[in-house]
Amino acid sequence: MSFISNYIYYIGAFGLIFIGLYIVLVKRNLIKVIIGLSILDTGINLFLISIGYIRRGTAPIFSKINIEIARMVDPVPQALVLTAIVIGVAVLALALSLAIRLYQHYGTLNLRKIKDQRW
Amino acid sequence: MRKIVSLILLAIVALGIALCVMNIPFGAPKTKVGNHYINKGREETGAANIVTSVVLNYRGFDTLGEVTVLFIAAVGLSAVLATRKKKVEKEIEPSSMILNTGCRFLFPLILFFGAYIFVHGHLTPGGGFQGGAIIASAFLLTYLGCRGRRVSERRIKVTESLSGLVFIVVGLLGLAVGGQYFLNNFLPKGILLSLFSAGIIPIIYIAIGFKVGSEIAGIIDKLMEES
Amino acid sequence: MIFIVIIFVVMMLAAAIAASIFKDLMSAVIASCLVSLIASILFYFLQAPDVAMAEAAIGAALVTAIFIIAIRRTKRHEE
């Protein structure tokens with residue numbers, strides 16, 4: 001029980017990463033692969049933030065003038081994850097535009113059928 | 001067959017990762033850089049929000065790279081989806097009066113809320129990216145609620161380019177005035193927790209808020225053109 | 001307190017598995033939107049309000065809207 005209460009955030013983040021990787025490896029529809037990519041992205045961001053957590057810490061914002069700075073959570077992973085979320089949305093928009101173009105050309109989104117077509 | 005092989009591969013990777021992650025303790029204090037930013041962040045930058053001062057002052061060049069990646073994605077999407085056919089004006093049934101009036105009433109309120117979030121980025125949680133996303137969802141509400149009403153594409157492009165230019169010009173001004181490096185914080189720091197404080201941080205966040213909002217609104221407009 | 005976190009993590013993993021099983025692509029997208037929302041709540045529990053706001057505004061609203069517009073221009077059912 002103490003094992004679960006210590007590592008519950010890691011279990012959640014790695015569960016998401018594995019489910020995302022499974023969808024990308026196995027599924028055949030292109031839009032389902034892109035959904036898997038989005039779930040993988042969310043899992044990695046959750047893992048990065050859960051590394052920077054300190055027990056009984058508070059958020060790194062000075063809402064009053066003198067607040068005690070002894071136990072503030074690490075601010076560096078939060079800045080990195082803010083960048084990563086916006087880049088994730090940019091990559092997803094570009095991938096979906098490529099999927100729309102593929103559908104207009106081939107008429108199907110099944111990766112097996114697209115690979116089987118010769119030039 | 002493919003499922004079984006990929007499940008075995010994922011099980012091996014899971015075992016390897018679990019053996020490594022067990023050595024990372026959860027909730028123990030970790031890095032020295034974080035301690036330096038927390039202790040010295042207030043007098044070196046003047047911002048009350050430490051994450052904002054890390055994103056824009058200590059690591060401002062990475063934010064410039066991220067803005068560039070977002071710009072490349074928007075340009076790439078417009079280039080891939082460009083067609084040469086003329087746009088056929090379909091007959092769109094107009095939405096009912098309650099929906100139309102409600103959306104037009106909510107649109108300036110949501111814009112105001114998004115602007116409040118990115119103007120106070122150095123005092124409260126928030127900032128340019130969150131405020132820009134809220135502005136883009138105000139435009140999404142207009143597209144869904146009042147059908148057939150589009151934002152003019154030229155205004156979106158002009159706003160986006162001008163905001164990007166403001167970011168780079170402020171950085172180059174820092175290089176010219178202060179001396180050593182790009183994105184130098186050269187304006188006065190001010191009193192803590194007042195609105196006009198923290199040097200160039202509010203100016204850059206306002207520029208980023210406009211840029212991200214108009215970019216994502218342009219992406220949604222380009223995707224919704226033909227459907 | 002830990003009990004609430006365990007319930008949320010189990011709901012998040014169940015929604016992710018449901019996104020992989022559904023054959024209707026609209027339902028899979030709604031399940032991935034639920035994953036983003038619960039991740040935003042977990043970011044708030046980990047004392048990161050900036051990141052929670054960004055994930056709720058960008059991950060749960062804009063990514064779902066872009067997916068639904070793209071699915072409308074292609075097929076709705078997975079083969």
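**Figure 1. Chain C in the predicted model.** From the N terminus on, the elements of chain C follow the order α-α-α. The structure shown is a predicted model. Chain C has 3 helices and 0 strands. Taken along the principal axes, the C-alpha atoms of chain C fill a box of roughly 45 × 25 × 10 Å. Chain C has 79 residues, and 47% of them count as buried. Where two residues of chain C touch and are at least 6 apart in sequence, 49% of such contacts join residues at least 24 apart.

**Figure 2. The loop between helix 2 and helix 3 of chain C, with C:Gln47.** C:Gln47 lies in this loop. Its phi is near 60°, a positive value in a residue other than glycine. C:Gln47 counts as buried because it has 22 C-beta neighbours inside 10 Å, and the cut-off for a buried residue is 20 or more.

**Figure 3. The contact between chain C and chain A.** Here 40 residues of chain C are in contact with 38 residues of chain A. On the side of chain C that touches chain A, the elements that give two or more residues are helix 1 (2–21), helix 2 (25–45) and helix 3 (49–73) of chain C. Helix 3 of chain C gives the most to this side, with 14 residues. By class, the residues of chain C that touch chain A divide into 28 nonpolar, 6 polar and 6 charged.

**Figure 4. Chain A on its own.** Chain A contains 4 helices and 0 strands, and its pattern along the sequence is α-α-α-α. The radius of gyration of chain A is 20 Å, well over the 14 Å that the globule rule gives for 119 residues, so chain A is more spread out than a compact globule. Along its principal axes, the C-alpha trace of chain A spans about 70 × 35 × 15 Å. Of the 119 residues in chain A, 45% are buried. Among contacts in chain A with a separation of 6 or more, 50% are between residues 24 or more positions apart.

**Figure 5. The loop between helix 2 and helix 3 of chain A, with A:Arg56.** The loop that holds A:Arg56 runs between helix 2 (30–51) and helix 3 (76–106) of chain A. Phi of A:Arg56 is near 55°, which is a positive value in a residue other than glycine. A:Arg56 counts as exposed because it has 7 C-beta neighbours inside 10 Å, and the cut-off for an exposed residue is 12 or fewer.

**Figure 6. Helix 5 and helix 8 of chain B.** Helix 5 (residues 97–119) and helix 8 of chain B pack at an angle of about 145°, and their axes are 9 Å apart. The crossing of helix 5 past helix 8 in chain B is right-handed. From helix 5 of chain B, the residues B:Gly114, B:Phe118 and B:Val119 meet B:Pro202, B:Tyr205, B:Ile206, B:Gly209 and B:Gly213 of helix 8 of chain B. This contact has 5 nonpolar, 3 polar and no charged residues.

**Figure 7. The contact between chain B and chain C.** Chain B supplies 16 residues to this contact and chain C supplies 14 residues. Helix 6 (128–145) and helix 8 (201–223) of chain B are the elements that give two or more residues to the side of chain B that touches chain C. On that side, helix 6 of chain B gives the most, with 7 residues. The residues of chain B that touch chain C divide into 11 nonpolar, 5 polar and no charged.

Methods:
Residues numbered from 1 in each chain as written. Chains lettered and ligands numbered in written order. Predicted model: local features only at pLDDT ≥ 70, side-chain atom pairs only at ≥ 80, totals over all residues. Contact = placed C-beta atoms within 7 Å. Nonpolar A, V, L, I, M, F, W, Y, C, P; charged D, E, K, R; others polar. Axes fitted to C-alpha atoms, helices over the stretch in contact; angles between N-to-C directions. Left-handed = near helix turned anticlockwise from the far one by under 90°. Rg over C-alpha atoms; globule rule 2.2 N^0.38 Å.
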